[in-house]
Structures are given as C-alpha cells and as structure tokens.
Amino acid sequence: MLTIDHLSASYKTMDKDVLTLNDLNLKIHDNEIFGIAGESGCGKTTLLKTIYDITEYPLQIDSGKVMLTGEKNGKEFHYETGNIRKTWWENITYVPQAAQSVLNPIVRIKRQFLDSIPKEQRGNETEEEVLNRVKKYLEELQLSPDILEAYPFQLSGGMRQRVIIALATFMSPGVVLADEPTTALDVVVQKGILMLLMRLQRQFQNTIVLVSHDMGVHYQVTDRMGIMYSGSFAEIGRTGDIFRDPIHPYTKMLVDSLPRVGDKSQKAGIPGRPPALKNPPPGCRFAPRCPKATDLCRQEVPELVEVEKGRYAACHHNEREVE
Amino acid sequence: MSEKLLELKNVSKVFRIGGMLSRKKLVAVDDVSLDIDAEEPVILSLVGESGCGKTTLCKMILRMYQADRGEIRLDGKSYSDKKEYDPRQFRLDVQPIFQNPYETFSMRKSVDSYLFNTAIRLGICKDRQKAEALIDETLHSVGMSLSVIRGKYPAQFSGGELQRISIARALITRPKLIIADEPVAAIDASMKMNIVNLFKELKDQYHVSFIYVTHDLSTAYYVSDFIATIYRGCLIEYGEASQIMDHPAHPYTRLLLDAVPRIGDKWEEELTLPGEEEKEYSLMGCRFSPRCPYVTEECRKKRPDMKKGCGRQVLCWHPLASFDHSSSE
C-alpha cells in the first residue's frame, strides 16, 4: 500500500518558492489502478517524482512523507521517503514521461535488461539464465524475444514503450508508477499498450499509478482516480462515479467539456486559466474560474473531506454528507 | 460543377532516405485527390496516425514543399506557376496555425510584434495606426485585445491564450484557407474546447475554411464537416463527418474509431499489436492488408480503386458500409 501523508513539496527559485504540492493525503490500495488527472503544471509529475523519491534540487519536500508498505515473498517491508530508493525495481518502478527516449539508443536491449536487475536479486543465476527468464516474459507480453538483440533505435515507438513496460514489470514490483505512458503514441498503439497494462495488472494483482491528462484513458483503464488542480486534489473517488456524478465544480466542468464521438452538442471549455503556482490566490485555487465561488471560497482553502463513502472532494459548496 | 477553393489532383510526394547515393524512397503522400468547395466555408479534418503523411500534405498545401507529381490549385490558380499565382498573394490567401504555440512565437520577441509584422509586411496596412485598428478587431474575435497583449512575451500567457493569439495572427490577412496542424494537441483539456469552438465561430464570421489536422477523433467529430482518413500516404476514406464516424466504410477508419478511449462504453475485445513493422512500402496490394482483419487474396495482390458514391469515397476492395445507393438518413 502506498500512503501519502501530509505531503508538501516546492521548487526553489531565486525569489520565491513554487508550491507545487500542497498538503496531499492519499492512500493507494493494493491491486488497483489509480489514475491521476489534471492540467499540465498542476503537479502530477511532481507527485510521482516525490513518490518515487527522486527529489533533486530545485525540488524539495517541505513536509510530510510517502510510505510504501506491503509484503513480498512472505516478508513484510516498510519503506518511506528517504529510503524508497533502496527498493527501486524490486517493489516500485517508474515509467517516466517520454519513456521512449529513456533507453540508451546504442546499447542492446538485452544489456539494458541485465543492467536493470540488481546483483543481489540475481543470486547464483548466470546471465544466460536471467536472459532466458526475460525471453519467456517477453513472450508473455507478445513481444518477439529477438528484440533482445536489437538496438532501441531499430524499434518503433510503440515497441520501445512495450520494452519499457516489460522492464518495469519484470521483477513483478508491487507498485508501478506510469507517467503519461501513451501520450506520444497513436490511438491504436495506445489502446494496445493500455490493454497490456490492464492485463498485467490483473495477472500480478499489483498497483499501477497512472498519470494522464486524457480523461478518456482514465475512464477506460483506472479503478479509482484523483483529479488534481493546482497542486492539490480537487476530488478523489471511483472512476465510474466521478464521470457519472462529479462533485467538485472543476471536475464537473471538465467532464462536461469532453467531446465524445457520436455527440455533436455544443460543448464549452472552462473560462480563465489555472493560477500561477508562484503566487496562488488565497482561498480555493479554483475560485477565480468557478461559477459558484463566494467570498468564503476566495478567502479560505477548502479541505478535502469525505463526502460519500470512498469519495472525497475539496469544495465549500457541497451539500452532501457522509451517512 | 461548382467552384472549388482548393483542388488537389493526384498529388504525390516522394522523399529519398539515406545518403546521396541511396535509392531508397519513401512515398510520404501517394496519389491524393481532394477538394474543398468555394461556396460555403467548411472544416475538413485530416485524421491518421503519426507518420502517415498528414503534415507533408499540409506543407504542400502551404507551398512549403513542392509536389513531385500532381497538381494543387487554389481558386483555380496553380501552385506550380509562380506567375499565375504570386507567392505574395498566396500568403494572404492561406495561413497556418501550428501545434505548439510556445514554439510558434520566439520567446525573445513580444507577441504583438508578430501581429504587426504580419499586418504591415504583407501589405495589408500601410501604417501602424491602421494596423492597430485591424489587429485589435481581430484579437477581439478570438476573445483577446491589443491592450492586454501589448509588449508581452510568450511566457506570460497560458497555452490556450497563446494559441488564440496564433489564430488571430493567421486571421489578420483575412485568408480563404487556414491550415491548423494539430492546434489543440498541446492545449490543456479545460481550454481545448474553447479553441475548438473558436474554429466553428470564425468559420462563419470570416468566411474562412479550415483544414484541421488531428489524431484526436473525438474533436474531429465535434468540429468538422468533412473528414479524410489517411493511411501510409494514401487517402483511404473521405466523406461527411457524421457519415464516416457513424458508419465507417474502411476497416482502418473503424480500427481508429474503436481505439478512441471513449467515455461511456468500455473496451472489450483484446487488441494485439503487430510484432514487427512490415515492409508496407514494398507491398503489392492494399497497404492496409497486413493489418486488416477482413483481408482477402485480392487485397494482397491488387491495389484497390477509389470507390465513390453519395459524396463519399473509400479506397478498399470490401468496404464495410454500403454507400453506393442512397443512405442519407
């Protein structure tokens, strides 16, 4: 299980800190696909980076922590911010944005697989034995084992993305963080890769945290999702519920604005623009664009509260209450 | 026959790949014929996967590439003849909008300088004062104004705002045709629809036709009057947007449509991606045949002909929808 506890992070700049994550609280359970949606610059990638513990200057964690707990091969483990690095590949992996360019183009795929498996993990296995396991695994993913001999530049974008996914899931980690895994790909290839991710998830019963700006992808793939706006969660809930009955005005306007094939009715976007994180408005950050905004919204930051069972929203104007 | 605004006749573009002595060729655009009527302004969407030749086709329409074969005419004037169609006049008639607004504008120049340069250098306005009035008016139609943007740099705008300015810049010359190459791909979801709606409004307001290039079928469906599907350089299907989207005739269009991550109905059947890229350029028959689920012997051996009827065209031996007889429900 992945627990995010009062996490705040900011980017240091010359004059002022850019508060990118504001006091986030979130629990991501085992065996689910959790989606994170939001506009660019709302902190999606920063959140993943802090979860994966790659906080390098100018990014800095101001308060709070991330905890990774669970059980593997009968042994319980507990890692938290500061030592999550030790369990990379084994319990948590990260598929970064533009994953297609993370493979070294002039090193054969086979070498890159071997390099990603830590020595301690390999035990007494020889390289060949490991490669045989890799081959078997690739076949499961419907990839030809021949690609192990290929260089990344010889493969198409979709193939490279599948190699990355194979790399990230080979050690069957409990948590896979995927940052926009299909953004640069065509719709047909995108569908294939998302289907692959879903199949792997069902097979290994692990957790996938999927970041995407495409709401359609979230609808198709994720079980639960969080909508981020300007550094904090506006709403968290089951994906189906969020699309059917959005609570937060931002989610509602976003869902209503999505064009759908087969629907020609007039759609409107959300007026205005997201606030600058350097100088955010004092109250609710969505208030300047929100049609329901009142003085309360402009002065006080709403807290993320449970409005229904398993549904959280950060808005002053929700009438619903937990039963 | 009615007047045509844009006419593409058997247009092809071939690139040579490799070094100077290489004989390898890549047919980026293959024998495309397409036209846009002059009477009513329309939005024509070009859809297809990356590398299918959408951008090459656009660049030819923008006169940035010369067609290797075939002919392009705008308003009846041929592109290939510089005397018949003065490049200066051409720039007034056709204007582009690019994908990433932050790359459209140099980050070191103020954005209004682009607007003034377009207005003055292309000879629409004689002096700065007249240009100011024209620019302000144009900016108002995209929901901005000159007083807001004066002296500002691209980094001071959001992607959506900057794309609006980019659209206003294209409108200054009062063009007949605007080529928008993936104009909303880099825009956030919440502002995407504002831009797309703008196209619809401007179409009638300025009487300008758009060629909207995209891989996003849901916005294509929303905005366009006509849709052309392109696969490996070939135009494989063309027709009215609702016709094509509701009853796709080409298996590839259907595949594309099924792959759109829709909201409302979940994907069911598994989709396996081809393991290796086939050498599709050396294919004898239909270019889609290696991936087509309905492939027959005929498809593999012979190139299909363009079947036409009811205002739509399809390049397939076995179209999925019957359109020869009237099916205009």
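Q: What makes residues of chain A and chain B count as in contact, and how many do so?
A: Two residues are in contact if their C-beta atoms, placed from the backbone, lie within 7 Å. By that rule 35 residues of chain A are in contact with 37 residues of chain B. α6 (187-204), α7 (215-221) and α9 (249-257) of chain A each give two or more residues to the side of chain A that touches chain B. The largest share, seven residues, comes from α6(A). Helices (H or I, at least four residues) and strands (E, at least two) are DSSP runs, numbered from the N terminus.

A: This is a predicted model, in which local features need pLDDT of at least 70 and side-chain atom pairs count only at pLDDT 80 or more, while totals for chains, interfaces and linings use all residues. Residues are numbered from 1 along each chain as its sequence is written, and chains are lettered from A and ligands numbered from 1 in the order in which they are written.

Q: Why is A:N31 called partly exposed?
A: A residue is buried if 20 or more other C-beta atoms, placed from the backbone, lie within 10 Å of its own, exposed if 12 or fewer, and partly exposed in between. A:N31 has 13 such atoms within 10 Å, so A:N31 is partly exposed. A:N31 sits in the loop between β2 (18-28) and β3 (33-37) of chain A, and its phi is near 55°, a positive value in a residue other than glycine.

Q: What makes B:R174 partly exposed?
A: B:R174 has 14 other C-beta atoms within 10 Å, and is therefore partly exposed. The phi of B:R174 is near 50°.
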